[in-house]
Amino acid sequence: MDKQEICEYFNGIIKNEKDVSAGVAAIRTLLKVLEFSKSETVQELRYCLQNAIDAMRSTDNPVTAIASGSELFLRFITLATLDTSSIAECKDIMLRRGKMFHEKLVAARGKVAKVASYFIMDGSKILTHSKSRVVLQALTDAAASGKIFEVYVTCSAPDNSGRKMCQNLLRAGVSCTLILDSAVGYVMEKVDMVMVGAEGVAESGGIINKVGTYTMAMCAKEVKKPFYVLTESFKFSRIYPLNQVDLPDEFKYTASTLKKDLQKEHPLVDYTPPHYISLLFTDLGILTPSAVSDELIKLYL
């Protein structure tokens with residue numbers, strides 16, 4: 001597959017399957033590239049997969065999840081190269097391991113939602129930001145179990161993705177109120193907890209997520225409300241930003257925006273440091289931010 005075919009396949013998944021995240025779409029694309037690769041050596045195969053990752057990162061999709069998911073995927077499947085000397089056999093093992101990895105990713109969201117839904121009690125008031133698939137599933141699962149609670153969702157400029165989140169919650173029978181991004185501080189006094197998703201989790205335990213998450217976390221800290229993050233472990237990334245400037249530009253802007261004057265562009269994501277985060281609900285269990293680095297060590301051993 002050439003660069004254009006890779007981008008078309010990847011973008012096709014994002015466009016046609018709204019429930020699939022960019023990270024999972026990236027893994028599916030890499031599996032397709034691996035399946036059709038005609039590489040004759042392991043080194044060529046790795047080079048081919050890396051080119052595919054670079055191609056996906058050049059699309060106007062969130063790079064954070066693509067980067068972390070692809071890196072972990074490569075680590076997982078290339079362990080197979082230690083077990084065989086035949087390229088055909090090696091590729092077969094990589095495909096099997098890759099499909100196993102994808103199946104784990106697909107199941108991860110349900111595991112996260114199950115863990116998080118236990119923290120939602122009758123009468124709870126929850127604040128969330130933007131549209132998160134895993135937060136949506138946790139809230140709808142809690143509602144399906146008979147719990148009655150109320151959710152506040154930010155509009156989440158500039159794409160107003162919170163409106164879609166609110167519509168989905170209302171369809172699921174969850175009482176939901178759409179609020180302005182600037183009303184976060186006002187609403188914070190009313191809520192019992194904050195639940196947000198994440199596009200990526202840094203080694204420090206901080207998160208990269210839709211711009212405005214950092215502001216929400218600071219407000220929650222000031223008012224002493226728990227700030228919970230719901231995320232799959234494939235979003236754990238071996239990066240260690242110290243502040244907003246430390247975040248790579250390709251994480252903060254789309255590929256097309258990078259060609260413009262960034263001083264006049266608004267970032268799409270921000271970085272929330274770990275000391276603002278109470279707990280992370282993951283498919284590996286409930287973690288404190290400091291435990292993320294330990295899990296990354298296990299994932300990459």
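Cys-219 is partly exposed, with a relative accessible area of 22%, where buried denotes under 20% relative accessible area, exposed over 50%, and partly exposed the range in between, for a 1.4 Å probe and protein chains only. The model is a predicted one, in which local features require pLDDT of at least 70 and side-chain atom pairs count only at pLDDT 80 or more, whereas totals for chains, interfaces and linings use all residues. Residues are numbered from 1 along each chain as its sequence is written, and side-chain values use heavy atoms, with hydrogens and water left out.

The sulfur of Cys-219 lies 16 Å from the closest cysteine sulfur, that of Cys-155, and is therefore too far away for a bond. Zero disulfides are present in the structure, a disulfide being a pair of cysteine sulfur atoms within 2.5 Å. Cys-176 likewise takes part in no disulfide, the nearest cysteine sulfur, in Cys-166, being 3.1 Å away; Cys-176 counts as buried, at 13% relative accessibility.

An open sheet of mixed pairing is formed by seven strands in the order β3-β2-β1-β4-β7-β9-β10. Strands (E, at least two residues) and helices (H or I, at least four) are DSSP runs numbered from the N terminus, and two strands are taken to pair if DSSP finds at least two bridges between them. Because β3 (175-179) and β10 (285-287) stand at the edges with a single partner strand each, one side of each is left without a neighbour in the sheet. Neighbouring strands are turned against each other by 25 degrees on average, direction ignored, with axes fitted as lines to C-alpha atoms, for helices over the stretch in contact, and angles running from 0 to 180 degrees between N-to-C directions. Strands β1 (residues 125-128) and β2 (residues 150-154) pair in the parallel sense over four bridges, and the bridge partner of Ile-126 in β2 is Val-151. Helix α5 (residues 87-117) packs on the sheet, where it touches β4 (193-196), β7 (227-230), β9 (279-282) and β10, and its direction makes about 135 degrees with that of β9; contact means heavy atoms within 4.5 Å.

Ser-21, in the loop between α1 (3-16) and α2, counts as buried at 8% relative accessibility.
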